[in-house]
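Work through the exercises below with the sequence and the structure open. Each task is followed by a solution in steps.

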Amino acid sequence: MDLELRHLKTIRAIAEAGSLTAAATALGLAQPALSAQLKRIERALGGQLFERSRHGVRPTALGELVVARAGVLLPSVRELQEEAVRFATHSRQGAARVPRFRLGGTHGPLLGGLVDRLAGAHPAARVTTRTSWSERELAGSVADGRLDFALVGACGESPPPAGDRLAWRDVGVDPVFVMLCQDHPLAGRTEIGLAELAHESWTDVPGDGCFGDCFAAACARAGFTPRSVYETDTASCVHLVQVGRAVGLCRATFPATPGLVTRALAGAPLQWRHLVGWHPDVPAAAHAPEVVAHARAAHAEAAARSASYHAWLDRHPGFVDAPAPV
């Protein structure tokens, strides 16, 4: 059997997990299948790679050698693939007569606003979109040349994904609001203390950043642990709020929706940063200043359309700072 890249990925996963059970879960394999694959790899490499015990597995001397080499080879192969995709993409772009904007974004109103503004500014341009709940996935697509720009969010001061490979600029910073059924007892308030919602169930859209941990920490500071949190798509979050099953976490720019209201959390315990990212060494980077400007304008328009957010900004004029490079 010839050694392949997938075999190196398997060895690295086992070393990182410290057990065959955990590695099988991470790789999406059954443990017997992973054990059989490991035996074939060990036969191909001429010796045992891991010592098994009731506490898990640890690399042998040969295993440490292979794991170390995999740590060099796998990133190199990934970089080669990304560079090849970028080269092919840029060659096609150079032949194009009209600009092209391949945009990726997470859930929220800003992507639609950015598309509208770019399409209006460049009527002949090809503007395409891709959405994902994963900021890391979108950043990876920009890094390997499948997207030109990513419009994502980050919690508080947390760094954006792929910060070592992409250039990022802040679009705006918003407080996190709460969505309530229009008949909720607190719906008439302008601001609500987080502790006042201690008995509620919650709903929110998924993500791979630290927002879930930040929310749990904010609840702990307010003196409670969330009873339950439903992570689901935006439409389902809205439905759960409308029927009174949960209260929802949302950006302050969340658009007006029948059956629910958005209200500020007192003291703004959670904040959300909107960012635009791109690869600095590709032709699309020439359009980055324009894309950032349109994204900031789309954010300002979304804020102005939200009556509750507009009123909150009037009460907190020092909240909004000028966007700065990340």
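**Exercise 1. Aromatic cluster**

Task: Find which residues form one aromatic cluster with Phe177, and describe the aromatic pair that Phe177 makes with Tyr309.

Solution. 
Step 1. The cluster consists of Phe177, Tyr309 and Trp312. Rings of Phe, Tyr and Trp (its six-membered ring) count as a pair if their centres lie within 6.5 Å; planes under 30 degrees apart are called stacked, over 60 edge-to-face, and the rest tilted.
Step 2. The model is predicted: local features need pLDDT of at least 70, side-chain atom pairs count only at pLDDT 80 or more, and totals for chains, interfaces and linings use all residues. Residues are numbered from 1 along each chain as its sequence is written, and side-chain values use heavy atoms, with hydrogens and water left out.
Step 3. The structure holds six aromatic pairs. One of them joins Phe149 and Trp278, whose ring centres are 6.3 Å apart with planes at 55 degrees, so this pair is tilted.
Step 4. Phe149 belongs to strand β5 and Trp278 to strand β12, so the pair ties together parts that are 129 residues apart in sequence. Helices (H or I, at least four residues) and strands (E, at least two) are DSSP runs, numbered from the N terminus.
Step 5. Both Phe149 and Trp278 are buried. Buried means under 20% relative accessible area, exposed over 50%, and partly exposed in between (1.4 Å probe, protein chains only).
Step 6. The pair of Phe177 and Tyr309 is edge-to-face, with 5.8 Å centre to centre and 80 degrees between the planes. Phe177 is in strand β6 and Tyr309 in helix α10 (residues 307-315), so parts 132 residues apart in sequence are tied together.
Step 7. Phe177 counts as buried at 1% relative accessibility, and Tyr309 counts as buried at 1%.

**Exercise 2. Helix α7**

Task: Determine which residues of helix α7 are buried and what covers them.

Solution. 
Step 1. Helix α7 spans residues 211-221, and its buried residues are Phe211, Phe215, Ala218 and Cys219.
Step 2. Viewed down the axis of α7, these buried residues fall within an arc of 100 degrees, so they line one face of the helix. The arc is that of the directions from the helix axis to the C-beta atoms.
Step 3. On the face of α7 turned away from the buried side are the exposed residues Asp213, Ala220 and Arg221.
Step 4. The cover over the buried residues includes β5 (149-155), β6 (167-181), β8 (202-204), β9 (229-231), β10 (247-251) and β12 (271-278).
Step 5. After α7 comes Gly223, with a positive phi near 95 degrees.

**Exercise 3. Cysteines**

Task: How many disulfides does a search of the whole structure find?

Solution. 
Step 1. A disulfide is taken as a pair of cysteine sulfur atoms within 2.5 Å.
Step 2. The search finds zero disulfides. Cys214 is in none; the nearest cysteine sulfur, that of Cys155, is 3.2 Å away.
Step 3. Cys214 is partly exposed, with a relative accessible area of 26%.
Step 4. For Cys237, the closest cysteine sulfur is in Cys250 at 9.8 Å, too far for a bond. Cys237 counts as buried at 4% relative accessibility.

**Exercise 4. Salt bridges**

Task: Locate the partners of Glu82, Arg102 and Glu196 in salt bridges.

Solution. 
Step 1. A salt bridge is a side-chain nitrogen of Lys or Arg within 4 Å of a carboxyl oxygen of Asp or Glu. By this rule the count is 12.
Step 2. Glu82 pairs with Arg165, the closest N and O atoms being 2.6 Å apart. Glu82 is in helix α4 and Arg165 in the loop between β5 and β6, so the pair ties together parts 83 residues apart in sequence.
Step 3. Glu82 is buried at 10% relative accessible area, whereas Arg165 is partly exposed at 26%.
Step 4. Arg102 pairs with Asp148, with the closest N and O atoms 2.9 Å apart. Arg102 is in strand β3 (residues 100-105) and Asp148 in the loop between α6 (135-143) and β5, 46 residues apart.
Step 5. Arg102 is buried at 11% relative accessible area, and Asp148 counts as buried at 4%.
Step 6. Glu196 meets Arg189 in a salt bridge of 2.8 Å, N to O. Glu196 is partly exposed at 32%, and Arg189 is partly exposed at 33%.

Note on methods. Contact = heavy atoms within 4.5 Å.
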